[in-house]
Amino acid sequence: MFSFFKHKKEKASPAPQLIVHTNKEYEKKLPTISDWRVKASVEELLSGKYTYAQLLLENFFYVNADFQNIIAKSLLQMLNNLSAKKWYTMSDACRGSEYYSHSNYLMIRGVSQADLTRAEYPHLSDEEFSALLCIGTFHYNGYFREECLRKLADYNGHLRYFYIRMNDWVKEIRDASAEILKELLPRCPLYDIVRDTSIFEMLHYTHRRSEKLFGEILSIICARIKNELTDEHIRQLLSEEPFARNSFYRFGCQNSLFSKEVLEYIIEHEPLGNCKERVLMHKLSSFGCSESDYDKYIHHKCPNVRYTVLLKKSEELNNAWDGLESLLTDKASKVRSLAAFIMKKYKAFDPREFCLGLLGTENTSIALIDLGTYGTKTDAETVKSFISSKKITIARKALHTYGKLMGTEGADIYWEYLCSDDIRMSTEAYRIISSNRVLYITDSIWNEYHLHADSSNGKYFIYLLCDQTDWDRMKYLIKLYADESLDETIKEKISFSLRRRNMYKKLSAEASDELISVISEHKDKLGKLYDELLFDISKAREYGT
């Protein structure tokens, strides 16, 4: 144990005598800690208030065996439910200033006399006891923190606690963590190393750690992964969260730890495209891109894989090649865009003419999408003819592309389809209106809303009213705000719009009187908004006169 406070006496805790085992004589001397206080703290902990972990740990040594079981089980449940990201958040909460925040249920208690001998807690399972030790490694008492760390070395699956203590603010604990890791890493299950790579990676960005010790630990980890990693470890890793998987792939690629077979297994079985892309890029850089690799991956079901192998081959050849034209109708837009770029760069290729030539074929949908990128306003009428297609997918894509080509100039067409009975076309029309920031006459929007109030597209007219910038919309929004039948999400959007008032807009006396009348009519439903609106109207009216 370290001795950096060897000559300083710890202040006596006002807490009662410790119970560190199940001896009945100790239990008789204990004052009662209400069971509801323990249970309430457990509920707070499991709801996400991680600062209660330390409070429960400290009070663990002052309660009987039954309560000790409850506390240990709750700590274990919390740790088992934490993802890697949330675990790091928990570690910050347990050792940060929030730890000292007030609790309504339990007191902060001293642990300097706590007995951590395993035999003293036969009523706890090994997993429950190790959960106590895990939380103890974050305690502010350095002696207790180090003792928990050394006891935890007897249990597998807790490497992350030693990793994070390599950045401890006490040098003795940093050295103890490195010492323990040097003993554990060569003999622990390899999957423990694989699973906790994301936590080890965070040590790269710390400043208190020893560079020498970090290098030694890194070399042990890399050697084991490089020599022992198999498909079975990757299969286990696939059940972990994406953050942990991506971290391990990044670590392995950066340190060249994966064999060709392992890389191929990851590419085939990893469900996330961005992870596949990272691993495939490393494989092609390390082992090259043969013709068989290109043929295999260019037809892969994952678009990220197809895009990566296409990019790698174009970098190697610096030219277009036979068969590249087939990728101009690929399902993935990123693959089509890259293929078009390569052909445009090395051949006399016009992507706009190519897309126009595809219209009316089985690839009409693809052509309509890409015309939004390569087309011009002169192509808008051609695209418009497909909006009335009986195939809804083609009609929607045609409307979308028409919106990209025409911008605000296509407002009449967007309005026509916004009023459509087909919710899919109506939704697409609203997206175009919103992205192009098209504004319509406020009264027209209100009148159309009444015609579609009971339809599924009625909410889009409310959204349009909220997006307007004039004072005229206010009288309609107030009426909607007072309507109790509207969905709460829509009412929140209306409330936000009511609070977004432009004081530089003029407000005539007639309009202000009408607006004040509407406000007064719905005074009871407006709350604080009532006074705010009247004040702003008076200023806008003064400004406009």
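**Note on the predicted model**

1. Ser256 sits in the loop that runs between helix H14 (242–254) and helix H15 (260–269). The model is a predicted one. Phi of Ser256 is near 50°, a positive value, and the residue is not a glycine. The relative accessible area of Ser256 is 41%, so this residue is partly exposed.

2. A positive phi is also found at Asn318, again near 50° and in a residue other than glycine. Asn318 lies in the loop between helix H18 (303–317) and H19.

3. The largest pocket has a volume of about 540 Å³. Its lining is made up of 24 residues, and those closest to the centre of the pocket are Leu79, Asn80, Gly157, His158 and Arg195. By class, the lining divides into 10 nonpolar, 7 polar and 7 charged residues.

4. Which helices each supply at least two residues of the lining of the largest pocket? They are helix H4 (65–81), helix H5 (84–95), helix H6 (126–136) and helix H8 (159–165). The largest share, 5 residues, comes from H6.

5. H4 also takes part in a helix pair. Its axis and that of helix H2 (residues 35–46) come within 10 Å and cross at roughly 5°. Angles under 35 degrees count as roughly parallel, and H2 is therefore roughly parallel to H4. On the H2 side the contact is made by Asp35, Val38, Lys39, Val42, Leu45 and Leu46. On the H4 side it is made by Phe67, Ile70, Ile71, Ser74, Leu75, Gln77 and Met78. The residues of this contact comprise 9 nonpolar, 2 polar and 2 charged. As background to the spacing of such positions, an α-helix has 3.6 residues a turn, so residues three or four places apart point the same way.

6. Helix H21 (residues 364–374) is mostly covered, with 8 of its 11 residues buried. The buried residues of H21 are Thr364, Ser365, Ile366, Ala367, Leu368, Asp370, Leu371 and Gly372. They pack against helix H19 (333–346), helix H20 (351–358), helix H22 (380–384) and helix H23 (392–406).

7. Leaving aside residues up to four places away in sequence, Asp293 touches Lys283, Gly288 and Val309.

Definitions and conventions: Residues numbered from 1 in each chain as written. Predicted model: local features only at pLDDT ≥ 70, side-chain atom pairs only at ≥ 80, totals over all residues. Heavy atoms only, no water. Contact = heavy atoms within 4.5 Å. 1 Å grid on protein atoms, 1.4 Å probe; cavity = no way out; pocket = protein on both sides within 12 Å on 5 of 7 lines; lining within 4 Å. Points joined across faces, edges and corners; volume = space filled by probe spheres on them. Helix = DSSP H or I, 4+ residues; strand = E, 2+ residues; numbered from the N terminus. Nonpolar A, V, L, I, M, F, W, Y, C, P; charged D, E, K, R; others polar. Axes fitted to C-alpha atoms, helices over the stretch in contact; angles between N-to-C directions. Parallel < 35°, antiparallel > 145°, perpendicular 65-115°, else oblique. Buried < 20%, exposed > 50% of the residue type's maximum accessible area, 1.4 Å probe, protein only.
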